[in-house]
Amino acid sequence: MLEKAEKRRGTAAGQERTLNYMPGFGNDFETESLPGALPQGQNSPQKCEYGLYAEQLSGSPFTAPRGTNERSWLYRIRPSVRHTGRFRRIDYPLWKTAPHIVEHSLALGQLRWSPLPVPTGTLDFLEGIRTMTTAADALTQAGMGAHVYVFNADMVDDYFFNADGELLIVPETGAIQVFTELGKMDVEPSEICLVPRGTMFKVTRLGEEQVWRGYICENYGAKFTLPDRGPIGANCLANPRDFKTPVAAFEDKETPCRVQVKWCGSFHMVEIGHSPLDVVAWHGNYAPYKYDLKTFSPVGAILFDHPDPSIFTVLTAPSGEEGTANVDFVIFPPRWLVAEHTFRPPWYHRNIMSEFMGLIYGRYDAKEEGFVPGGMSLHNMMLAHGPDASGFEKATNGELKPVKLDNTMAFMFETRFPQQLTKFAVELETLQDDYIDCWAGLKKRFNGTPEGDWS
C-alpha cells in the first residue's frame, strides 16, 4: 500500500516526529516494521521470521460474507494469551454501560452542558472518561454510550482494550497519540480516530496544553462504515482515500505493565512483565484509522431549501433495519450558504432519533450563544428543538446573499435508541438550567393575515 507521512510536534518543545499511514477505508492492508517479518503466500507458517507468533484478530464471525468479513493476521513477539493472566476486578465508576437506567430528579427536557471542569488531580485517559448517556444494550450488541474525557497524564505502562464496542474518539482540546497494537496515530482537534473492538491501545499527550479534552462514542453495535451516497454518486462527503490506517509499530519493553479490559460493562486488570503492543507486522482489514474532518466535502442546496442533516453523515453504524442507524456520526463543518428564499439554519423539528451534540471549535449557526467548544447538548427522541430565538431572528431578517460559515465544527452522535442520562450527567455542575429559555423569545406572529406580524 502507499504510505503517507505526516509530521506532528511531540511532547518536548521543538521535537518533531514523522508517522506514516496507509490511505483508504476498509482496505486489505499489509505492513511490517522489520524487513521480511510479514509472511508471503500464507498466514501461519510453521516458524515465523524473527521468532514471531502468528495470531488472527477477528472483528466478525468467521462465516460472515466476504464484504463484511473482518480479520487481521498479526505477527507478534508474544501471543496475546501471554498478555493476560489472573485478572482482578477494578472499577471506573464514572464509565457506564447500557442498559444503565438510574432514578433521578431531573425532568424530561432538552439539555445542554458547558465544558467539563479542568481536573484538580492527575488523570490519565482512562481515568478521565465520564459517561453522559447510554442507549440500548451492550449485551445484545446494540446501541451506544456517549462519553466525554478530560485528562492531564500519559498512559505509560497501562494498556486497554474494550470488548464491548469500538471507540470513536473526537479530540476537542489537545492533540493525542493513540498507540495501538497495529500502529500509532497522532490525532489533533478536528481529526477523529477509531479503535476497533478488542484492539489493545494506550493514549499519550502531544503538545503543551494544560488539559486534553474531547468526546467518545462507544459503539456497541455493527461497526462504523461509510454511508451510501445514493443519488450523490461516487464522490463527496467522506471520501475513502482520506482515511488513514497506521503502519506497523511495536514496543519491545520488559517492564511491569498493566492490561485493563472492559467486558460486559465491568472492568478487569492483569499485571504482566512486558508491553502488549508487540505486533511487528500485520495484514488484513480489521484495523484502526484516523480521519481529518476538514477533508469532508459537504453537499447542500444550491437554489432553495436544504436537505436533511443526514447529508452531513461521516460514518454510520447500521442496525438490522434498513435506513435506520444504530449510530450515525454527523458533522456540521465550514460551508457556503446560498439558498434563495430559504430559512438557512436547521429547521425546527422532532425526530425519532436521539441526538447528542458537541462543538469542537467555533460557533454553531443555530445556537451562537451558550453552546461553546467542549460543551454538549442532548435532544432525545421526539423532543422538539431547533434554532434559538436570536438565531431565528438573524436568519429571517438577514440579507440572503452567499455567506460562508467558517471556523466552525460541530458534531452529533445520533442513535435510533433513547439516550438515558447517567447520574454524573444529571449532577454535572456545568448543566445549563436556563437552556430551555433560549426559545422563550419565539413569539406568536400569526395575526390572521397572509403577511403575519413580523414587527
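Ile 352, Met 381 and Met 382 make a nonpolar surface patch of about 300 Å². The model described here is predicted. Ile 352 has a relative accessible area of 54%, and because the cut-off for exposed is over 50%, Ile 352 counts as exposed.

The structure also holds an open sheet of 4 strands, in the order E3-E20-E5-E4, with antiparallel pairing. Strand E3 (29-32) and strand E4 (53-58) are at the edges; each has a single partner strand, so one side of each has no neighbour in the sheet. From one strand to the next, the twist averages 20°. In general, strands of a sheet pair through backbone hydrogen bonds, either parallel or antiparallel.

How many bridges join E3 to strand E20? There are 4, and the two strands, E3 and E20 (residues 279-284), run antiparallel. Phe 29 stands opposite Gly 284 in E20.

The cysteines come next. A search of the whole structure finds 0 disulfides. Are Cys 48 and Cys 438 buried or exposed? Cys 48 has 13% relative accessibility and Cys 438 has a relative accessible area of 16%. Buried means under 20%, so Cys 48 is buried, and Cys 438 is buried as well.

The table lists the relative accessible areas given above.

| Residue | Relative accessible area | Class |
|---|---|---|
| Ile 352 | 54% | exposed |
| Cys 48 | 13% | buried |
| Cys 438 | 16% | buried |

How values were computed:
Residues numbered from 1 in each chain as written. Predicted model: local features only at pLDDT ≥ 70, side-chain atom pairs only at ≥ 80, totals over all residues. Heavy atoms only, no water. Patch = residues over 30% accessible without salt bridge, like charges linked within 9 Å, V, L, I, M, F, W, Y side chains within 5 Å. Areas by Shrake-Rupley, 256 points an atom, 1.4 Å probe, with all protein chains shown as cover. Salt bridge = Lys/Arg side-chain N within 4 Å of Asp/Glu carboxyl O. Buried < 20%, exposed > 50% of the residue type's maximum accessible area, 1.4 Å probe, protein only. Pairing = 2+ DSSP bridges. Axes fitted to C-alpha atoms, helices over the stretch in contact; angles between N-to-C directions. Disulfide = S-S within 2.5 Å.
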